[in-house]
Protein chains: 2
Amino acid sequence: MRIAIDAMGGDHAPQAPVEGALAAAKEWPDTTLLLVGKPDAIKAHLGDNPPSNITVVEALEKIEADDEPVRAVRRKANSSMVVAGRLVKEGEADAMISAGNTGALMTTGLLVVGRMSGIDRPGLTAILPTVDGVGVVALDLGANMDAKPEHLVQYAIMGSRYRQKVHGIDKPRVGLLNVGTEAAKGNELSKAAFELLSEAPVNFIGNVEARDLLYRNCDVLVCDGFSGNILLKGVEGAAETVFSVLKTELMSSWKSKLAAAILRPNFRRVGKMMDYKRYNGAPLLGVGGLVVKSHGSSNAEATVHAIRQARTAVGNGLIAALADDLGGK
Amino acid sequence: MRIAIDAMGGDHAPQAPVEGALAAAKEWPDTTLLLVGKPDAIKAHLGDNPPSNITVVEALEKIEADDEPVRAVRRKANSSMVVAGRLVKEGEADAMISAGNTGALMTTGLLVVGRMSGIDRPGLTAILPTVDGVGVVALDLGANMDAKPEHLVQYAIMGSRYRQKVHGIDKPRVGLLNVGTEAAKGNELSKAAFELLSEAPVNFIGNVEARDLLYRNCDVLVCDGFSGNILLKGVEGAAETVFSVLKTELMSSWKSKLAAAILRPNFRRVGKMMDYKRYNGAPLLGVGGLVVKSHGSSNAEATVHAIRQARTAVGNGLIAALADDLGGK
């Protein structure tokens, strides 16, 4: 198995992707990791004797975090992200992983790897953290801003197959993100999607509310890209803010500092539960190859998580199964 | 000034609204509080010598939390909520407050109190908590599921006037809820709304992201009712879940219990910051009278907050100012 890694993408590149790839290469000797980027920059973090299942692929350009996505993908044909996408397209790699510019990664999926036949709009997934540590696979989180009801059905089918193939959940419960649990709730899109999902070949459990997601009220959450993105950022922002305010408060006196020091392991456990990096590595579903988004702030450990997700997806034939489901063979 | 209070609405009714009204009656002797509901139930919590500025208004029916809104408002003409709305409509009260069924309250605003001239769709507001304790006024949070760009402009105008009249903010910054801060971001609705807001008579600062709301990146947040509701519930759910998980974790050993006991005042301060009840009392804007939503789980203290907001709004002539703004005289 061969996995291409954009070594230049993300806040901590190239160190985090390279160190993550090193750890993964040792853990999975059957997997070849193709580190795509500037060879010098990559080799500076590889050490003197990198494992034989690590290969450096030269790509001298880099897509920046604030580059305009479509323009960047079109113009920077020799960027680490686009080259990684091309490796997937040409069958040189079974998957690609990038922590770089999300918009550019979606564009790479669409323009370089190409849309899966039978899919109108690919969907960007993420795993939302849950109290039980299992997570909810949510899509779309921003690839498709003006979704149609049919798109949400495709998301439900693809998300279900992903949960089954990658997470081993047999009959994943599909929930429709809505403002209430009753069938008639919501906007025109969600009402129409509810009807279609009720007939779709998925285990549809009805509308679900954002409030209960952290208690895993479903396994696959489907939504349009706009409200999904708002949800994701709202939940991330709220959790981060609570921790940050708590930290400031606990550092406010010697007494609270002392007590907080005793509680450090407890805080760490709670922080870990809510930590997006732990759930790292969610795919862009609906493109013709496996394109995995790694969190922009990923460290080496988070990179390993993303590689693990990609390995499992490739090993279990996710893309072929999706093509089957969608009748696009 | 006369404020009608739905004494039967909310999780802790009639106790919470009645006790809140008692406290408010003592704090503001110039304000008459009309407690609307079953006289016996209300009197059980009023004590032997209620202040003279408390009046009980009989309403023998009650709208339940799970009643279908439009049907309930139409059929239960003698319910506490509808009677309170009628008091506003007929000029017997300057405002009404209810912690009951939100859908029914919106319907009461529309059908009983009546739409403000010049307004297509009223918007439900709430104050989202912020780290600095000031809060962001957000609308619409669920009154209007399929908003048009023009509706968002009306929300911006009404929300700005509300912040100015009730919170004393001179040039409130209006932000448009979006998936990124760049002008071209978002779905069809947000792109069109961005154009219109740029020309509108408000202090529009552009797109804002859900992630930064808790740091008060704007004073008035405008959004469609669907994504606004998703945001509100996502943020509420995340904050509550973090606290609940933290609590379980800190009660897991005698050592952590002890340290947590020392930190109790610190936790309380942080909890208070994120507590929606503290920001209680946000109006349904765009109806012809002041209709204030109190949080369903309000206690007496939260009820007092809602009464305070209503008093300030009435005292500063909010409704007349809005009618002026919207040219609907």
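Predicted model: local features only at pLDDT ≥ 70, side-chain atom pairs only at ≥ 80, totals over all residues.
Biologist: Let's start where the chains meet. How many residues of chain A are in contact with chain B?

Modeller: There are 49 residues of chain A in contact with 49 residues of chain B. A contact here asks for heavy atoms within 4.5 Å. The area buried between chain A and chain B is about 4400 Å², and carbon and sulfur atoms give 72% of that area.

Biologist: What makes B:E236 and A:R211 a salt bridge?

Modeller: The closest N and O atoms of B:E236 and A:R211 are 3.0 Å apart. The cut-off is 4 Å between a side-chain nitrogen of Lys or Arg and a carboxyl oxygen of Asp or Glu, so the pair of B:E236 and A:R211 qualifies. Side chains of opposite charge can pair when their charged atoms come close.

Biologist: And why does that pair join two chains?

Modeller: Look at where each partner sits. B:E236 belongs to helix α8 (residues 225-250) of chain B, while A:R211 is in the loop between β9 and β10 (220-222) of chain A, so the pair links two chains. The count between chain A and chain B is six salt bridges, and over all chains the count comes to 22.

Biologist: How many residue pairs are in polar contact across the interface?

Modeller: The rule finds 14 residue pairs in polar contact between chain A and chain B, both residues being at pLDDT 80 or more. On the side of chain A that touches chain B, the elements that each supply at least two residues are β8 (173-178), α7 (188-199), α8 (225-250), α9 (254-262) and α10 (264-273) of chain A. The largest share, 20 residues, comes from α8(A). By class, that side has 26 nonpolar, 13 polar and ten charged residues.

Biologist: Now the sheets. Which strands make up the open sheet of five strands in chain A?

Modeller: The order is β6-β7-β10-β8-β9 (chain A), and the pairing is mixed.

Biologist: Why do β6 and β9 of chain A stand at the edges?

Modeller: β6 (126-128) and β9 (203-209) of chain A each have a single partner strand, so one side of each lacks a neighbour in the sheet. From one strand to the next, the twist averages 35°.

Biologist: How do you know that β8(A) and β9(A) pair?

Modeller: Six bridges join β8(A) to β9(A), and pairing asks for at least two bridges, so these strands pair. β8(A) and β9(A) run parallel. As an example, A:R173 has A:N203 in β9(A) as its bridge partner.

Biologist: What is the order of the seven strands in the other open sheet?

Modeller: That sheet reads β3-β2-β1-β4-β12-β11-β5 (chain A), again with mixed pairing. β3 (54-58) and β5 (123-124) of chain A are its edges, because each has a single partner strand. Helix α1(A) packs on this sheet, touching β1, β2 (32-37) and β3 of chain A. The direction of α1(A) makes about 170° with that of β2(A).

Biologist: Why do β11 and β12 of chain A count as a pair?

Modeller: Strand β11 (residues 282-285) and strand β12 (residues 290-293) of chain A share two bridges in the antiparallel sense. The rule needs at least two, so these strands meet it. Within β12(A), A:V292 is the bridge partner of A:P283.

Biologist: What makes the peptide bond from A:A13 to A:P14 cis?

Modeller: Omega is near 0° for that bond. A:P14 lies in the loop between β1 (2-6) and α1 (15-27) of chain A. In chain B, the peptide bond from B:L139 to B:D140 is cis, with omega near 0°, and B:D140 is in the loop between β6 (136-139) and α6 (149-167) of chain B.

Biologist: What about phi of A:R216?

Modeller: Phi of A:R216 is near 50°, a positive value in a residue other than glycine. A:R216 is in the loop between β9 and β10 of chain A.

Technical notes
Residues numbered from 1 in each chain as written. Chains lettered and ligands numbered in written order. Heavy atoms only, no water. Buried area = accessible area lost by both parts, 1.4 Å probe. Polar contact = N/O pair within 3.5 Å; in protein donor to acceptor, adjacent residues only side chain to side chain. Helix = DSSP H or I, 4+ residues; strand = E, 2+ residues; numbered from the N terminus. Nonpolar A, V, L, I, M, F, W, Y, C, P; charged D, E, K, R; others polar. Axes fitted to C-alpha atoms, helices over the stretch in contact; angles between N-to-C directions.
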